[in-house]
Amino acid sequence: MNNKNVIINVRSASPVKILESRTEGSDLYLVGEFTTFDVMNRNKRIYKKDNYKAVLEQIADKCASGGLLGELGHPNGRNTTEMTAVSHVVTKLEIDDASNCVRGELKLLDTPNGRIARTLIESGVPMFVSSRATGYIGKGGVVTLTNLVTYDLVDEPGFANARLTVRDITEGL
């Protein structure tokens, strides 16, 4: 096994629909599957639920307090979030045992990158989510995460089902 700790970006794939009831200037929430367990993704990686659950618990307080910020696109070679690149805040994360995945919700912010993401979505461009983490990639592509940094918005997901949809704020995950 390679013991070098590396940045691991996990791209996921789920579509964005604009709800007719949304009014201009209102909050825009995106929901979907953020990570799927025990399947090889497009990046030839497999994430195990027990390991992922442990690192997810490390960021639970940050998510609950509104401090889990993400960027539009993955930064190159950086495992910290650059405040000037923030596009959204992750508002909910939960493991869905029935679907064997992490489901999440994020809220676009009124930042330059948040406005770009909103414009892309409103123009019909699909939006996807991808985790930014550090860890090790072992035999057979099995990943051992050591730190889950955040979730970023991307255009090329690792997981085919990581495409996000717009959520009416009266609905649940």
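Modeller: Two rings of Phe, Tyr or Trp (its six-membered ring) pair if their centres lie within 6.5 Å; planes under 30 degrees apart count as stacked, over 60 as edge-to-face, and the rest as tilted. A search of the whole structure finds 3 aromatic pairs. This is a predicted model, where local features need pLDDT of at least 70, side-chain atom pairs count only at pLDDT 80 or more, and totals for chains, interfaces and linings use all residues. Residues are numbered from 1 along each chain as its sequence is written, and side-chain values use heavy atoms, with hydrogens and water left out.

Colleague: What makes Phe-37 and Tyr-52 an edge-to-face pair?

Modeller: Their centres are 5.6 Å apart and their planes at 65°. Phe-37 lies in the loop between strand 2 (29–36) and strand 3 (46–47), while Tyr-52 lies in helix 1 (residues 49–58), 15 residues apart. Helices (H or I, at least four residues) and strands (E, at least two) are DSSP runs, numbered from the N terminus.

Colleague: Why is Phe-37 called buried?

Modeller: Its relative accessible area is 1%. Buried means under 20%, exposed over 50%, partly exposed in between (1.4 Å probe, protein chains only). Therefore Phe-37 counts as buried. Tyr-52, at 0%, is buried too.

Colleague: Why is the pair of Tyr-47 and Tyr-52 called edge-to-face?

Modeller: The ring centres are 6.1 Å apart and the planes stand at 85°, so that pair is edge-to-face. Ring pairs link Phe-37, Tyr-47 and Tyr-52 into a cluster.

Colleague: What makes the link between Thr-35 and Tyr-52 a polar contact?

Modeller: Their side chains come to 2.9 Å. The rule asks for N or O atoms within 3.5 Å; within protein, one must be able to donate a hydrogen and the other to accept it, and residues adjacent in sequence count only if both atoms are side-chain atoms. Thr-35 lies in strand 2 and is buried, at 0%.

Colleague: How do you know that Asp-97 and Lys-49 form a salt bridge?

Modeller: Their closest N and O atoms are 3.0 Å apart. A salt bridge needs a side-chain nitrogen of Lys or Arg within 4 Å of a carboxyl oxygen of Asp or Glu, so the pair qualifies. Asp-97 sits in the loop between strand 5 (86–96) and strand 6 (101–108), and Lys-49 is in helix 1, 48 residues apart. Asp-97 is exposed at 56%, whereas Lys-49 is partly exposed at 22%. The count comes to 10 salt bridges.

Colleague: Why do Glu-71 and Arg-132 count as a salt bridge?

Modeller: The closest N and O atoms are 3.7 Å apart, so they fall within 4 Å. Glu-71 is in strand 4 (residues 69–71) and Arg-132 in strand 7, 61 residues apart. Both are buried. Glu-71, Arg-78, Arg-132 and Asp-152 are linked in a network of salt bridges.

Colleague: What makes the buried residues of helix 3 line one face?

Modeller: In helix 3 (residues 112–122), Asn-113, Gly-114, Ala-117, Arg-118 and Ile-121 are buried. Seen down the axis of helix 3, these residues fall within an arc of 140°, so they line one face. The arc is that of the directions from the helix axis to the C-beta atoms.

Colleague: Why is Val-125 called partly exposed?

Modeller: Its relative accessible area is 33%, so it lies between 20% and 50%. Val-125 is found in the loop between helix 3 and strand 7 (128–137).
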